[in-house]
Every structure is written in C-alpha cells, then in structure tokens.
Amino acid sequence: MKIATQGNYKIIGAALLLLPLILATPSRAYGYADPGTGAFIYQAAYAAFLGGTFYLRKFLNRFFGKRKPADPTTSGTHDRVSR
Amino acid sequence: MTASADKLPIITFRSFRDPAGRLVRTRDRILRVVDPAYASDLESFLATGTARQAMETGRLVRTIPVASSEVGGSETGRVYEHERIRFPSYPYEWPAEMLHAAGVLTLNLGIQALEEGFGIKDATPYNVLYRGSEPVFVDVLSFERRDPLDPTWIAYAQFVRTFLLPLLAQRDFGSKLQSIFSGQRDGLEPEALYHQASLLGRLKPHFLSLVTLPKWAGAKRGADESIYRPKKSSSPEQARYILEGLMNRSRKQLNAMAPQPPADSTWTGYLDHKSLYSPAQLAQKQRFFEQALDSTKPASLLDVGSNEGHFSFLAARKGASVVAIDTDPAVVGSIWRQASKEKLDVLPLVVDLTRPTPATGWRNQECLSFLERSGAGSGGGFDMVAMLAVMHHILVTERIPMEDLLDLADQLTKRDLLIEFVGPEDPMFRRIVRGRDRLYTNITRESFESAAEARFELLRSERIDGLHRWLYLYRRRGAVN
C-alpha cells in the first residue's frame with residue numbers, strides 16, 4: 001500500500017513537472033524594449049525549466065516535509081498585487 | 001532639487017521611446033511628464049518600500065510630484081521633478097567596472113521590486129547615471145505593475161544585449177565598450193559574438209547560454225511570430241519564482257563577467273614606476289596643486305588626463321566634485337574602483353579631450369556631447385580645469401594648436417585653470433616628438449605664457465625643480481571670484 005502511494009506521487013510529480021513546460025512559456029510582450037528572438041526563446045526554455053523546478057520543489061517539500069528557504073509559496077507578497 | 005518655478009522658454013525633449021512618459025529638461029531642472037494611464041502605477045511604485053529605501057540611499061533618483069504648470073501647463077499628464085545629476089554620462093564613456101556596477105544596480109532593484117508586485121520593463125545602461133562614483137537608477141518609469149501570472153521578463157534580451165554581451169565581448173575578445181556603445185544604441189546581438197568565437201569557445205558555459213544557444217534558437221525559430229504569443233503561468237507563485245530565478249541567474253552571469261583589475265596597461269602605474277618624477281618632485285607638484293585648491297576652493301573640477309586619479313582624489317578630499325577624464329579604460333576603471341571604495345565624489349570617464357564624445361541619438365539630441373555637458377560655450381561648467389602633464393600629448397601627439405587648446409580651456413572653466421607646461425627639452429616631450437622637432441619650434445615657454453596671458457590672469461607659477469616643467473594657476477579674465 002505504501003509502495004503504491006509512492007508510485008502515485010511519482011506519477012503526479014511527473015505530470016506536474018511536464019505541466020509548466022506548457023504553461024510557463026513567455027507571456028505577452030507589453031514592454032517597449034525589443035524582446036529579441038534567440039534570447040527570448042532561450043528565456044522561454046529556461047522559464048520552462050524553472051517552472052518545472054518550482055513544482056518539483058513543491059512536490060518534494062510536501063512529500064519529504066522539507067522546507068526550502070527560497071520557497072516562493074511561503075512569502076505571500078502577491079496578495080498585494082491587485083491587477 | 002529646486003522648488004522654484006523655473007519656467008524657462010527652452011524646453012527640450014530628450015526621451016520619447018517609452019510611451020509612458022517623456023523627460024523634459026530645462027536649464028536647471030529635470031522634469032518627467034507621465035501619461036495619465038501610467039501615473040497611478042508610478043505613484044504606487046514610488047510609495048513602495050523598495051523605491052523609498054532606494055531613494056533614501058541614493059540608488060534611485062529622488063523624485064517628487066510637481067504642478068503641471070511647471071512645464072508650461074500645455075502637457076496632459078502628471079509631472080514629476082527629478083533630482084538633477086550634476087554630470088550625465090553614458091555607457092560609451094564608462095569603463096567595464098561602471099557598466100558592471102550599473103548592471104548590478106538594475107538587477108538588484110528589479111529583484112527587490114518583484115517582491116512588491118512590480119516588474120522592470122526595460123534594462124539598459126541608459127537608465128543609469130553616475131553621481132560621482134555612485135550609480136543612480138534614473139528611469140522611474142521602468143518599473144510597472146506586473147501581471148501576477150506573467151512569467152516573462154520582457155527586458156531580459158535587452159539586459160543581455162546591453163550588459164552581459166558587451167562585458168563578455170570586452171573580457172573574451174578585448175572589445176572596447178566605447179566602440180560597442182558608440183556604434184550600437186541597444187548593445188550587441190548574440191549573432192555578432194557567435195562568429196568571433198572558436199568552435200570550442202562557443203561551448204564555454206556562459207558563452208553557450210548567452211550566445212550560442214540563443215543564436216541557434218533564433219536561427220531555427222526567429223521567423224516564428226508565435227513565440228511571442230501570450231502565455232500565463234499557472235499561479236502567481238510560479239510566475240514570480242521563474243522571474244526571480246531568471247534575474248538571479250543573470251546576476252550570477254553578470255558577476256562572472258565582473259572586470260578584474262588589469263595587470264598593466266600603457267598608463268596604469270604611471271605615477272609610480274613609469275613617470276620621470278622623483279618623490280620630491282611629485283611632492284612639489286602636489287603641494288602646488290593643494291595650495292591652488294586651498295586658495296581657490298573649487299566646488300567642481302575637471303581633471304583632464306587624470307591618469308590613475310592621484311590629483312582627482314586630492315581635489316575630491318578637499319571637497320570638489322570631480323570629473324576625471326582619460327583615454328585609457330584601464331586607468332579610468334582603476335579610478336572608479338578607488339573612488340567607489342572610498343566614496344569619493346569623482347566621476348571617471350573614458351574621454352579624449354581632442355576627440356570629445358559627440359552628441360548622439362535621434363537628431364543628435366538624446367545624449368549631449370561631452371563639451372555641451374561641460375559648459376563649453378555657455379560660460380564653463382567647472383570652477384577649475386586641471387591639465388597636468390597632458391598638454392604635450394595634446395600639442396604633439398594630436399597636433400592641436402596651443403591657442404586652440406587654451407581657447408577650449410577658457411570655455412570649459414568658469415574661473416580657474418591649473419596647467420602644467422612641459423617644455424620641448426623634457427624627456428617625455430622628446431619621446432613623443434619622434435624626430436619631428438621642426439614641427440614644434442614654436443612651442444616655447446614664452447609663447448605659451450604669452451598665449452595664456454591673452455586669455456587668463458596669472459595667479460601663481462612655479463618650476464618643478466630639476467625638470468623642464470612649469471606649473472601655472474590662471475584665472476579667467478573677468479571671472480567672478
């Protein structure tokens with residue numbers, strides 16, 4: 001039973017890892033600075049990687065009960081963002 | 001920051017790329033007209049802890065709202081007044097150290113602002129000026145309220161182009177920032193560096209992520225507009241995590257590009273081991289300089305040919321605000337290191353007085369020329385101009401006529417000129433003449449004094465013992481004490 005639970009977590013974890021690769025691609029470019037081409041694509045790929053590590057950390061924290069000092073979910077500063 | 005209503009007829013617009021607002025410069029004031037649609041964002045940003053703390057510590061330009069009548073009342077939008085930075089300077093006048101420090105400031109503010117829900121929408125060194133040796137972020141409109149789900153730092157590529165790649169090019173290929181920024185307003189594209197590297201060089205860690213991979217990606221999908229299609233993160237926490245991660249990584253890369261003190265350049269250590277001055281002669285020169293400072297008490301000083309800044313530091317320690325110019329980026333970088341470390345009011349710039357920085361940008365009006373910023377033609381910008389051990393380089397190496405040099409000195413100084421005459425018998429003079437003696441028979445101490453005294457009144461002069469060098473302290477005729 002315990003092994004099965006761990007397996008489920010692994011599947012969920014893998015799914016969560018893949019999800020941000022789709023979701024965390026660059027958003028709209030509303031600044032006036034030239035976003036570039038190659039560097040913009042590179043940023044998208046790196047953002048996808050970071051998005052993956054975000055969920056991985058979250059998952060590991062939940063599973064192993066570890067608390068990362070840089071865990072962004074603990075700050076709550078986005079409550080102040082109104083838009 | 002002046003509060004007086006200074007409604008001058010001359011109002012110039014020097015900033016227009018950002019649709020959020022424009023910069024208006026009158027003779028003594030810097031005003032920013034902000035589009036009403038962006039004004040509330042700016043108000044909110046200025047109220048954040050990040051902005052308030054950065055303004056208190058001088059890292060962000062001090063900004064206060066003023067009445068719109070300050071710009072004639074014809075503008076629609078909110079008007080703000082900025083602290084005036086005494087001497088604006090541009091990245092093509094900075095050594096690598098100053099570009100690096102400007103990048104660190106940009107990223108630090110960007111990361112801090114992120115914590116309060118703001119993003120930094122452009123990341124160019126033109127957002128930073130120097131107050132003495134301290135970088136100051138001056139474009140408050142660069143900060144905008146973020147879409148909490150947006151994981152993109154739209155200015156990332158610009159940060160790479162204008163900070164990371166120029167520093168990389170300088171470090172790996174010896175490129176001069178002066179050439180890079182004089183030629184390209186928005187820095188270097190990865191493609192420009194890719195072809196300069198060897199096959200193995202393209203795979204070095206930072207080169208790979210900043211140049212090679214973006215170059216390959218751009219070549220493969222550069223024409224695909226869908227890459228710019230809006231996408232959102234699944235949560236605000238994830239978006240912020242991504243942005244922080246990207247900025248922290250950029251900061252690590254920037255630190256990896258931090259310029260190291262050079263082992264040697266043509267002019268480093270000039271006073272120490274390459275100069276012909278004995279310790280006693282140097283002390284005599286220093287005494288003359290200090291006495292000149294004590295008697296004239298300049299609030300501002302331009303040190304032409306500052307070398308490693310020995311005399312600039314003396315002047316700054318006596319309370320002068322110094323602009324130190326030299327042609328060698330290595331020595332200018334070393335001045336900045338020391339001035340920054342000791343918090344001295346010295347702004348070191350890579351400027352050649354015989355080819356001073358031209359006005360640049362759209363209609364040559366975006367960035368002023370060095371001479372315009374120095375007050376040439378408008379009464380002079382410095383209480384004192386110092387030209388120590390530099391005149392012979394200007395006269396001989398650059399072939400500038402003596403009268404023209406003195407005319408320019410007369411235009412740059414509001415009041416005093418401290419100048420060292422290096423006679424044709426001097427070994428350094430002889431070294432740069434290189435056999436062309438006939439060209440310089442007109443350069444004599446008598447001809448110099450005659451030309452100088454046609455423009456200036458002599459206050460003091462002294463020969464440096466044992467050398468064919470004389471020091472003069474002149475005052476402009478008609479100058480107000």
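This is a predicted model: local features need pLDDT of at least 70, side-chain atom pairs count only at pLDDT 80 or more; totals for chains, interfaces and linings use all residues.
**Domains of chain B**

The domain assignment divides chain B into domain 1 (12–43 + 52–82), domain 2 (91–256) and domain 3 (270–476). Taken over C-alpha atoms, the centres of domain 1 of chain B and domain 3 of chain B are separated by 37 Å.

**The sheet of chain B**

An open sheet of seven strands is found in chain B, with the order β12-β11-β10-β13-β14-β16-β15 and mixed pairing. Its edge strands are β12 (346–350) and β15 of chain B, each of which pairs on one side only. On average, and with direction ignored, neighbouring strands of this sheet are turned by 15° against each other.

Helix α12 (residues 329–342) of chain B packs on the sheet, where it touches β11 (321–326) and β12 of chain B. The direction of α12 of chain B makes about 165° with that of β12(B).

Strand β10 (residues 300–304) of chain B runs parallel to strand β13 (residues 382–387) of chain B, and four bridges join the two. Within this pair, B:Asp303 has B:Ala386 in β13(B) as its bridge partner. By contrast, strand β15 (residues 456–463) of chain B and strand β16 (residues 469–476) of chain B pair in the antiparallel sense, over seven bridges. Here B:Glu462 lies opposite B:Leu471 of β16(B). The strands β15(B) and β16(B) form a hairpin with five residues between them. In the turn of this hairpin, B:Gly466 has a positive phi of about 80°.

**Helix contacts**

Two packed helices are described by the angle between their axes and the distance between the axes.

| Helix pair | Axis distance | Angle |
|---|---|---|
| α2 (residues 38–64) of chain A and α8 (residues 236–256) of chain B | within 9 Å | roughly 120° |
| α4 (residues 156–173) of chain B and α8(B) | within 12 Å | roughly 10° |
| α2(A) and α4(B) | 8 Å | about 125° |

The axes of α2(A) and α8(B) cross at roughly 120°, and α2(A) is therefore oblique to α8(B). The crossing of these two helices is right-handed. On the side of α2(A), the contact is made by A:Gln43, A:Tyr46, A:Ala47, A:Leu50, A:Gly51 and A:Phe54. The residues contributed by α8(B) are B:Gln238, B:Tyr241, B:Ile242, B:Gly245 and B:Leu246. The contact of α2(A) with α8(B) comprises seven nonpolar, four polar and no charged residues.

Within chain B, the axes of α4(B) and α8(B) cross at roughly 10°, so α4(B) is roughly parallel to α8(B). In this contact B:Tyr156, B:Phe159, B:Phe163 and B:Leu164 of α4(B) meet B:Leu246, B:Ser250, B:Gln253 and B:Leu254 of α8(B). The contact of α4(B) with α8(B) divides into six nonpolar, two polar and no charged residues.

The remaining pair again joins the two chains. The helices α2(A) and α4(B) pack at an angle of about 125° and are therefore oblique to each other. The crossing in which α2(A) passes α4(B) is right-handed. From α2(A), the residues A:Ala39, A:Phe40 and A:Gln43 meet B:Tyr156, B:Ala157 and B:Val160 of α4(B).

Note on methods. Residues are numbered from 1 along each chain as its sequence is written. Chains are lettered from A and ligands numbered from 1 in the order in which they are written. Domain bounds come from an automatic or database domain assignment. Two strands pair if DSSP finds at least two bridges between them. Axes are lines fitted to C-alpha atoms, for helices over the stretch in contact, and angles run from 0 to 180 degrees between N-to-C directions. Angles under 35 degrees count as roughly parallel, over 145 as roughly antiparallel, 65 to 115 as roughly perpendicular and the rest as oblique. A crossing is left-handed if the near helix is turned anticlockwise from the far one by less than a right angle, and right-handed if clockwise. Two residues are in contact if their C-beta atoms, placed from the backbone, lie within 7 Å. Ala, Val, Leu, Ile, Met, Phe, Trp, Tyr, Cys and Pro count as nonpolar, Asp, Glu, Lys and Arg as charged, and the others, Gly among them, as polar.
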